[in-house]
Amino acid sequence: DELEEILSSQTGRIERSEKILAHDYDAKDILLRNFHINDDCEDVLARRYELEVCNYYSDAVLGGLHRAMAIEEWTRIRDGQPVSLERALVAFDHFVLRDREGDFDEVAARLDHIAKAVQLEDPQFSEAALRHKAKLIAGYLQRNGITGVADENQYHNLRNNFISRALQSCDHESLPLISVIIFCAVSTRLGVEAEPCGFPFHVYAIVKPPTGHDLDGRPVDDTLEHQWSYMDPFNSDREVSRSDLEAQLKNMGVPAADHNMLLGASSVADMVRRTSRNIIESIQTNSHVTSIGSVDPEPDSAFYGALWALLILPEPHSGLFQRARFLPYILEYLEKQYVFDIRLIERVLLPIFEGTPHWQQLHDAVRVMRLGDSIPKQIKSRNAEIASSVRFKVGQIFRHKRYTYQAVITGWDVECAQSEDWMFQMGVDRLSKGRHQSFYHVLVEDKSVRYVAEENIDSTPGPVGTNLMSLAGRHFKRWDNASKTFVSNIRDEYPND
């Protein structure tokens, strides 16, 4: 069992994860079973994700599977293959979900349910003209709070950018773009052709009649743009006149020659790019919100997805240089959080940057990560001398005496093992015990990895925080409540801890 091997050794985890990911969605049900096991199972922390314990590696592999599915949709769009607007936007949700809630199939089922509910609410729906059907759909969404934002102070909440969150949450809040996508998805299911338009700052929906008819069912010689209907399901169930939209564009200073383009249907790629920009803006607007504790969706995962979308479907006329500015972020996330995405870098990003210096940067980063994953860890055993100088063990939690953050020890050195430049920059020799004391590799509750001198460790930190518990599965099997420590999952490196 590849998952068992991932849990038992730090060596070869990337290769083993790729064997699991090769099964694509067939592997999902097996991975999900690890989220529901008994607390007395030996590897409970590394096999289960709940409020207090986290299935780190099942979650990591499952997350890699979800992200691969999302990236496949965007690469199909890039390659000119047909992808529905619904799937293109739900792909963002695949970066911020852990189990089946919110994936392509689950969102489709929820939208199917809404479409059936619209029909049931009005028995005459099937006989209505398209114009009236569009109003009935928008009205149902409005009455049931499925579109819009009730509290304008929550407009830029990150969750408002994700279709699954809009459909799952009690208040169903969503940005105008997501409200329009929900409206279009439901309309399509009910035989109404609806698409988003490229209006700046606020997305509207276009409802189009079939060729040879208008929206009221009357025959016409030609179906022209002036016979389209514009809807704003974010705000109401009423039509918006084209003349009002043209007046708004004129007030913005948009030349009349550009009006038809901005009032025409947007491409799927345009909506993906626009969603990416909205996600980044939401993260920047809410940058003061701490990532410690329960944040849904998780900002790092959302940002990571937005970067991937803009790399695959870049802004028009942006060259490789502009796209390459995202690479340092991608590589940092790859190293710290999404190591099992290494195959996506090889399959998707390397071909994009082939023939450029950026290709070499990516290639070297991937090579180093694969090499590091294949080399067994150096064994650090505790003899009597080391035990007397290295006071704390892998798995102990603590608070930093100066900075007060909570962290867990993931490794140690008998004395500071960093470079002279690092020690000078960090003022190590100004510590009361200087460099000749034990130093500890630690995982902090904010996801950072730090190197801490023993004199800065307060070993009575209080209850372990939920966020630290959820991160710990990378290094630990479970939480031992009797000793108030994590049970090590890296005994191949620290056999006596």
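How many aromatic pairs does the structure hold? The structure, a predicted model, holds 17 aromatic pairs, a pair being counted where the ring centres of Phe, Tyr or Trp (its six-membered ring) lie within 6.5 Å, with planes under 30 degrees apart termed stacked, over 60 edge-to-face and the rest tilted. In this predicted model, local features need pLDDT of at least 70 and side-chain atom pairs count only at pLDDT 80 or more, whereas totals for chains, interfaces and linings use all residues. Residues are numbered from 1 along each chain as its sequence is written, and side-chain values use heavy atoms, with hydrogens and water left out.

The secondary structure of the protein amounts to 21 helices and eleven strands, these being DSSP runs numbered from the N terminus (helices H or I, at least four residues; strands E, at least two). Of its 497 residues, 54% count as buried, where buried denotes under 20% relative accessible area, exposed over 50% and partly exposed the range in between (1.4 Å probe, protein chains only). Among contacts (heavy atoms within 4.5 Å) between residues at least 6 apart in sequence, 65% join residues at least 24 apart.

Among the aromatic pairs, Phe199 and Tyr204 are arranged edge-to-face, with 5.3 Å from centre to centre and 90° between the planes. Phe199 is buried, its relative accessible area being 1%, and Tyr204 is likewise buried, at 7%. The rings of Trp479 and Phe486 have centres 4.9 Å apart and planes at 70°, and this pair is therefore edge-to-face; Trp479 counts as buried at 18% relative accessibility, as does Phe486 with a relative accessible area of 2%. Ring pairs also link Trp74, Phe92, Phe95, Phe303, Tyr304, Trp308, Tyr329, Tyr333 and Tyr338 into a cluster.

Two packed helices are described by the angle between their axes and the distance between the axes. Here the axes are lines fitted to C-alpha atoms, for helices over the stretch in contact, and the angles run from 0 to 180 degrees between N-to-C directions. The axes of helix H6 (residues 85–93) and helix H13 (residues 268–285) come within 10 Å and cross at roughly 25°. H6 is therefore roughly parallel to H13, given that angles under 35 degrees count as roughly parallel, over 145 as roughly antiparallel, 65 to 115 as roughly perpendicular and the rest as oblique. The crossing of H6 with H13 is right-handed, a crossing being left-handed if the near helix is turned anticlockwise from the far one by less than a right angle, and right-handed if clockwise. On the H6 side the contact is made by Leu85, Ala88, Leu89 and Phe92, and on the H13 side by Val268, Met271, Val272, Thr275, Ser276 and Ile279. By class, these residues comprise eight nonpolar, two polar and no charged, with Ala, Val, Leu, Ile, Met, Phe, Trp, Tyr, Cys and Pro taken as nonpolar, Asp, Glu, Lys and Arg as charged, and the others, Gly among them, as polar.

Helix H16 (residues 327–336) packs with helix H18 (residues 357–374) at an angle of about 5°, the axes being 12 Å apart, so that H16 is roughly parallel to H18. In this contact, Leu327, Leu331, Leu334 and Glu335 of H16 meet His358, Gln361, Leu362, Ala365 and Met369 of H18, and the residues divide into six nonpolar, two polar and one charged. Val339 occupies the loop between H16 and helix H17 (342–352) and, residues up to four places away in sequence not counted, touches Ile14, Leu334 and Met369.

Glu73, found in helix H5 (residues 56–78), counts as buried at 5% relative accessibility and, its neighbours within four places in sequence aside, is in contact with Val83, Arg87 and Phe104. Arg323 lies in helix H15 (residues 320–324) and counts as buried at 13% relative accessibility. Its C-alpha atom is separated by 5.9 Å from that of Leu311, twelve residues away along the chain, and, on the basis that residues up to four places away in sequence are not counted, Arg323 touches Leu310, Leu311, Ile312, Pro314, Ser318, Ile352 and Phe353. Thr410, in strand S6 (residues 406–413), counts as buried at 11% relative accessibility; leaving aside neighbours within four places in sequence, the contacts of Thr410 include Val394, His441, Val442, Leu443, His475, Phe476, Ile490 and Tyr494.
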